[in-house]
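Work through the exercises below with the sequence and the 3D view open. Try each task before reading its solution.

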Amino acid sequence: MNEMIALLRCIAVACVGLLVLVLVIHFSKIILKKKSIKTVWSSKTDGIMLGLTKLGRYVVSPSNDEGHSFVVGGSGSGKTSAVLIPTLRRWNGTFLAFDISGDICSNVNCDNKLIYAPCDAETVPYNVFSLIDGMKDTDDQTEALTQLAFLLMPEQESANANAKYFQDNGRNILTASLIAFYHDGRDFCEICETIVANNYKRLFSMIDATGNNTAKMLISNFEGNSEQNTSGCKQSCDMAILFFATNEKVKAAIRRPTEGEVAFTPSSIEKYKVFVCIPDTKLGVYAPLMNIIVSQSLAYFSDRPKAAKKNILFALDEFASFGKLEIVGALRKLRKKHIRIMILTQSLSDLIEKYGIDGFKTMLANFQYVLILNVTEKESQEYLAQMIGQKPTTRESITSSGGFFSVQTSKTQSTEKDYIIQPSELAHLGDNLILLYPDGVQKLRKAYYFRDKKK
């Protein structure tokens with residue numbers, strides 16, 4: 001009888017345990033469905049690497065999910081080694097990654113790898129005119145060439161009236177030259193070289209000779225201007241494109257491909273995993289080229305049909321080094337097109353200076369994941385600590401009253417809000433990082449690629 005009771009107890013305990021296990025699994029699935037991230041033991045999972053839990057589980061945002069990522073951390077904090085490289089290694093799809101640190105491309109082994117290194121004369125070429133060549137309508141081509149001129153000579157909001165005059169009219173010369181000589185069959189660097197090699201009189205005469213009415217109309221606006229002013233506008237134009245007209249490596253790296261030659265174009269990202277490799281010492285020099293590549297890629301992505309299912313990651317390391325981009329519109333438009341943007345930067349202040357505080361706030365609001373690795377600037381610490389949020393803290397104070405023999409004490413409690421993470425702590429995260437995501441805030445460990453099981 002006792003043995004039977006014991007057996008029944010064991011069965012009952014087992015049934016309860018099984019029921020608890022089923023409920024745990026069931027509710028875990030419900031929680032995972034609600035959450036925008038996934039935690040797994042296996043290193044083979046694909047997606048954006050967000051970090052490791054204390055127990056060593058990988059925290060990822062799967063490749064086919066939505067959501068852009070913003071990574072901030074000072075030099076040596078692990079932006080590339082703990083976030084970007086592990087992400088590229090496990091990304092299920094294609095990507096365009098800018099390798100500024102010099103160790104990204106060499107530590108990511110993948111198939112369909114395409115490396116564009118404009119400092120190397122043997123690199124595959126980048127075709128600036130690839131998107132324009134694919135347009136059938138002349139008006140569309142003219143509009144795209146005009147946009148290219150604005151990329152090369154952007155509006156300068158802080159410029160005085162005199163500087164703005166030379167900038168705007170210098171851009172008109174550049175636009176007229178691009179339109180006239182593009183339809184005359186010339187390549188991009190060839191056009192830049194033609195502009196720089198001729199004074200404005202010879203250049204205007206060459207534009208007239210093409211017979212392109214749009215281009216002729218743009219230069220006709222200079223009739224009646226003084227030679228000094230027109231020469232100043234031409235000089236402004238020359239300075240904007242001198243890099244493309246005189247650097248022999250650049251001229252070899254920016255051109256239309258020969259027949260059968262592999263080239264880098266925005267559409268290449270549909271097929272290849274592309275690395276743009278530029279040493280950090282050359283960032284300032286190559287900034288105009290980087291700006292063109294990024295802007296043209298974003299324009300291509302914007303026209304990408306929603307039916308396209310391949311996941312594309314667009315990773316911009318050292319984001320502050322790029323020109324001012326129309327990034328907010330891209331963040332909004334591309335979310336539903338299987339394109340995810342990852343921005344990595346050392347400093348918030350550089351971005352605030354470039355985009356303004358309101359523009360920066362709008363930009364940051366469009367990132368689903370914000371990873372904080374290490375921040376030393378006090379203003380940035382305060383801003384990020386406010387983003388992380390505050391929690392109620394109860395403080396108790398004791399007051400005494402009365403004489404020596406009749407002391408009376410009273411306790412009062414007050415509830416105040418305090419930072420969840422103190423701003424100064426963000427400078428001392430060490431091997432940890434802070435993840436802000438739609439479901440809350442987590443402190444995670446950095447998932448360095450050299451400690452990763454996935455090689």
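**Exercise 1: The cores**

The largest nonpolar core has 96 residues, and those with the most contacts inside it are Phe98, Phe188, Phe244, Ile327 and Ile372. A nonpolar core is a set of buried Ala, Val, Leu, Ile, Met, Phe, Trp, Tyr and Cys residues joined through side-chain atoms within 4.5 Å. Buried means under 20% relative accessible area, with a 1.4 Å probe and protein chains only. A second, separate core of 30 residues includes Trp91, Val108, Ala315 and Leu344.

The model is predicted: local features need pLDDT of at least 70, side-chain atom pairs count only at pLDDT 80 or more, and totals for chains, interfaces and linings use all residues. Numbering runs from 1 along each chain as its sequence is written, and side-chain values use heavy atoms, without hydrogens and water.

Task: which residues does phenylalanine 244 touch, not counting residues up to four places away in sequence?

Solution. Take contact as heavy atoms within 4.5 Å. Phenylalanine 244 then touches Leu152, Phe188, Cys189, Cys192, Val250, Lys251, Ile254, Pro288, Leu289 and Ile292.

**Exercise 2: Helix α9**

Task: where is the kink in α9 centred?

Solution. Step one: find α9 at residues 227-246. Helices are DSSP runs (H or I, at least four residues), numbered from the N terminus. Step two: locate the kink of about 50 degrees, centred on alanine 240. The bend is the angle between axes fitted to the seven residues ending at a residue and the seven starting there. Step three: check the packing. The buried residues of α9 pack against α4, α5, α6, α7, α10 and α11. Among these buried residues are Cys233, Cys237, Ile241 and Phe244.

**Exercise 3: Helix α13**

Task: how many Å does α13 span between its end C-alpha atoms?

Solution. Step one: a straight helix of 17 residues would span 24 Å. The expected span is 1.5 Å times one less than the number of residues. Step two: α13 (residues 348-364) spans only 10 Å. Step three: look at glycine 356, where α13 bends by about 110 degrees. Step four: find its buried residues, including Leu348, Tyr355 and Phe360. The buried residues of α13 pack against β4, α12, β9 and α14.

**Exercise 4: Serine 69**

Task: is serine 69 buried or exposed?

Solution. Serine 69 lies in strand β4 (residues 69-73). Serine 69 counts as buried because its relative accessibility is 0%. Leaving aside neighbours within four places in sequence, its contacts are Ile48, Ile341, Met342, Ile343, Phe367 and Tyr369.

Definitions and conventions. Helix = DSSP H or I, 4+ residues; strand = E, 2+ residues; numbered from the N terminus. Buried < 20%, exposed > 50% of the residue type's maximum accessible area, 1.4 Å probe, protein only.
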